[in-house]
Amino acid sequence: MARALRLAARGLFTTDPNPRVGCVVVSDGKIVGEGWHERAGSPHAEVHALQRAGSAAAGATAYVTLEPCSHHGRTPPCADALIASRVGRVVAAMQDPNPQVAGKGLQALRDAGIDVAAGLLEQEALSLNPGFAQRMRLGRPWVRCKLAMSLDGRTAMASGESKWITGPAAREDVHRLRARSSAVMTGIGTVLADDPSLTARLEGHDAGALLQPLRVVLDSSLQLPPGAGLLQQPGETLVVTGVEDPAREAALARPGVSVVTLPLGDDGRPDPRSVLQYLARLEVNEVHLEAGARLSGAMLEAGLVDELVIYMAPHLMGDAARGLFHLPGLDRVAQRIRLEVRDIRAVGDDWRITAAVASQDEAG
């Protein structure tokens with residue numbers, strides 16, 4: 001199963017909106033076939049592995065990182081392919097959270113007389129597809145909030161200058177996070193201040209050929225300039241606003257750019273929960289949030305940030321520089337937001353901290 005998980009990870013940048021899945025077929029203690037889901041619309045991992053195994057699949061054990069599908073989507077059901085190959089046993093790392101499957105694939109295998117087990121390395125399998133699982137279960141994508149700060153917790157000088165806080169290795173690491181995401185989201189303030197491209201650029205991959213994440217700009221009053229850099233990049237851009245302004249929408253009109261009007265929150269900005277629900281309907285699995293202190297703080301305060309990835313640079317920026325989050329109303333120690341640190345590692349000259357918001361029980 002560990003081998004199947006490593007194979008599944010090869011599809012980290014290419015399978016969206018499908019989950020990343022790997023499969024290994026073993027007969028008499030030897031691997032006779034293996035494969036992974038390479039791209040949405042192409043054969044699934046089980047099909048690749050069974051094709052390589054050929055007749056050796058009969059009576060073998062298939063290890064697959066996600067329950068084999070039992071429904072017709074872009075491709076035929078993988079459960080049917082496993083049954084037709086006459087494998088003797090199927091071990092799945094986790095049950096498919098998709099309500100169309102949700103145990104039906106495993107049951108179809110059992111009904112065909114195949115020995116079935118599930119749960120082996122389940123957490124490792126879930127970590128490959130947190131967005132797909134959450135979209136299926138909760139109806140919203142997984143949100144990863146990326147931030148860069150100095151050792152004294154500052155993200156920009158008082159003037160707004162922020163390039164570059166971290167070094168080249170950290171910036172390259174961020175591009176890998178973007179590339180695995182379905183969407184990169186920011187606020188209009190960041191666009192006006194920095195004019196970012198919000199593309200994924202990886203060494204060895206042409207930016208135009210790489211599957212680019214959807215660029216999402218929260219722009220309550222349609223201030224996005226028609227000449228903004230992100231509108232000139234490959235891929236698609238979604239502008240989320242709270243006003244209907246045909247003239248400004250027309251100025252942004254071009255292939256790959258769409259504008260949607262969604263409800264505004266009490267602060268006059270697009271309601272983040274409504275935005276995520278809308279993105280889920282677009283089959284967005286993972287959202288990579290790169291924004292300023294206000295939007296990042298609003299998402300955190302609303303309980304919509306699933307993971308924080310904070311790059312800490314070994315320098316000081318002083319008292320006047322800007323902080324990580326805008327979180328008004330935190331006046332007492334008891335109100336603090338506790339984090340559960342999952343990983344700390346060096347990335348070049350900087351440090352990357354990966355954390356989740358602690359549960360209320362842990363915070364208490």
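This is a predicted model: local features need pLDDT of at least 70, side-chain atom pairs count only at pLDDT 80 or more; totals for chains, interfaces and linings use all residues.
I started with Asp195, which turns up in the loop between α8 (188-194) and β9 (214-218). I looked up the backbone here, and phi of Asp195 is near 50°, a positive value in a residue other than glycine. I flagged that because most residues other than glycine have a negative phi. Buried or exposed, or something in between, for Asp195? Its relative accessibility is 43%, so I put Asp195 down as partly exposed.

Next entry, Leu121. I found Leu121 in the loop between β5 (115-118) and α5 (122-128). Its phi is near 55°, again a positive value in a residue that isn't glycine. I checked accessibility here too: Leu121 comes out at 29%, so it counts as partly exposed. The cut-off I used for buried is under 20%.

Then I went through the peptide bonds. Which residues does a cis peptide bond join? I got Asp16 and Pro17, with omega at about 5°. Worth a note, since most peptide bonds are trans. I traced Pro17 to the loop between α1 (2-8) and β1 (22-27).

Last, the rings. How many aromatic pairs does a search of the whole structure find? I got zero. I also looked for charges over rings, and there I have an entry to log: the charged end of Arg10 sits over the ring of Trp36. I noted the distance to the ring centre as 4.8 Å.

Conventions:
Residues are numbered from 1 along each chain as its sequence is written. Side-chain values use heavy atoms; hydrogens and water are left out. Rings of Phe, Tyr and Trp (its six-membered ring) pair if their centres lie within 6.5 Å; planes under 30 degrees apart count as stacked, over 60 as edge-to-face and the rest as tilted. A charge sits over a ring if NZ of Lys or CZ of Arg is within 6 Å of the ring centre and within 35 degrees of the ring normal. Helices (H or I, at least four residues) and strands (E, at least two) are DSSP runs, numbered from the N terminus. Buried means under 20% relative accessible area, exposed over 50%, partly exposed in between (1.4 Å probe, protein chains only).
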